Amino acid sequence: MKQKLLVNQIQNFSLHDGPGIRTTVFLQGCNLRCKWCHNPETWKKKSILSYTENKCIVCGQCMEVCPSGAQQIQNGQHIYERTLCTVCGKCVEICCTEALEIVGNDYSVEELSELLLRDRRLYEISEGGVTFSGGEPMMQAEILYDLCSRLQEEHISVAFETALAFPWKAIHRMTKCVDLFLVDFKIFDNEKHKEYTGTENTLIKENLKKLVNYRPIMIRIPIIKGINDEIENAVVTADFLAALGKNIKSVELLPYHDFGVEKAKHVGVNQQMFEAPDEKQLEQLKEVYRSRKLNVVE
Ligand code: SF4
Ligand code: SF4
């Protein structure tokens, strides 16, 4: 059987995931666990059931159709027992309020490339293309290699948003079919990086040093108040990036937002609330990057 891609969402007319007008494909699966993640529903590399409590009218229809007893009504309250769920989708079909939804759908390379090529005229006139994001697209690199190669044959520009926490061999392979990398760089200090993302960053830094020799890179840094908004982190990060040379095309500082907290609840994840940095602090951080002659995205 041919492998399929597990897609979280496809966003057309995207203006923030690389140059021009793009289609952004968000994929399921991530090997990091950033505590502030704004897409926690993409963490698992499998389909999951999302349950939105405030849409539920406690009608009990889902309980009637669920073959595994995962949906229950007790004392007038709806209870979804995730550990019993086999993600068969029967309750999704019957729920009239859309409180239940399957997250993560399968696409073959053929299906997805056909869909992405529909907007080729838009990509051409805007010098845009297709961006793969996530989650972490490297989690599905094997099959994405075929899709990206196919898009390149059609002269569609391909961008890849990744945290680079993978063996270099796998990343190097993707440089053959990806034109631009959007690299999410979180925190410079290795210990702190591990504390807040669950993964060390030594490999990420090593991969970045190699990747600049192959493809242009746009750096994206989420800024979270009290976690990585101190000047010291910006100074060491900016020095590191500036030393990598001309293929670091831009640096974008992305202030924290709390969208992930609510989305996490729907998929059974507890997410801590953080704060966005102060405007003034953000401006000072940008100045650190500008002072190293890095192109800061406004
Ligand atoms: S079918 Fe939907 S609205 Fe009805 S109890 Fe189940 S989740 Fe709630
Ligand atoms: S997806 Fe299937 S197993 Fe899971 S709660 Fe719904 S009906 Fe039950």
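Author: Helices (H or I, at least four residues) and strands (E, at least two) are DSSP runs numbered from the N terminus. This is a predicted model, where local features need pLDDT of at least 70, side-chain atom pairs count only at pLDDT 80 or more, and totals for chains, interfaces and linings use all residues. Residues are numbered from 1 along each chain as its sequence is written, chains are lettered from A and ligands numbered from 1 in the order in which they are written, and side-chain values use heavy atoms, with hydrogens and water left out.

Reader: OK, how many bridges join β4 to β5?
Author: Four, between residues 71–74 and residues 77–80, and the two strands run antiparallel. Glutamine 72 has isoleucine 79 as its bridge partner in β5. The pair makes a hairpin with two residues between the strands, and asparagine 75 in that turn has a positive phi of about 50°.

Reader: Then which peptide bond is cis?
Author: The one from glycine 134 to glycine 135, with omega near 10°. Glycine 135 belongs to the loop between β8 and α5 (141–153).

Reader: Switching topic: what's the strand order in the open sheet?
Author: Eight strands, ordered β7-β1-β2-β8-β9-β10-β11-β12, with mixed pairing. At the edges are β7 (105–107) and β12 (248–255), each pairing on one side only. Inside the sheet, five bridges join β1 (residues 5–14) to β2 (residues 22–27), antiparallel, and isoleucine 10 has valine 25 as its bridge partner in β2.

Reader: And what does helix α3 touch?
Author: Helix α3 (residues 109–117) packs on the sheet, touching β1, β2, β7 and β8 (129–133). Contact there means heavy atoms within 4.5 Å.

Reader: Ligands next. Where does ligand 1 sit?
Author: In the largest cavity. On a 1 Å grid over the protein atoms alone, a cavity is a set of points where a 1.4 Å probe fits but cannot get out; a molecule sits in one if more than half of its atoms lie within 2 Å of its grid points.

Reader: Which residues surround ligand 1?
Author: Among them are Cys56, Cys59, Cys62, His78 and Cys95. A residue is near if one of its heavy atoms lies within 4 Å.

Reader: And ligand 2?
Author: Ligand 2 takes the second largest cavity. Of the 14 residues around it, Cys66, Ser68, Cys85, Cys88 and Cys91 come nearest.

Note on methods
On a 1 Å grid over the protein atoms alone, a cavity is a set of points where a 1.4 Å probe fits but cannot get out, and a pocket is an open set with protein on both sides within 12 Å along at least five of seven lines; lining residues have an atom within 4 Å of a point. Two strands pair if DSSP finds at least two bridges between them. Axes are lines fitted to C-alpha atoms, for helices over the stretch in contact, and angles run from 0 to 180 degrees between N-to-C directions.
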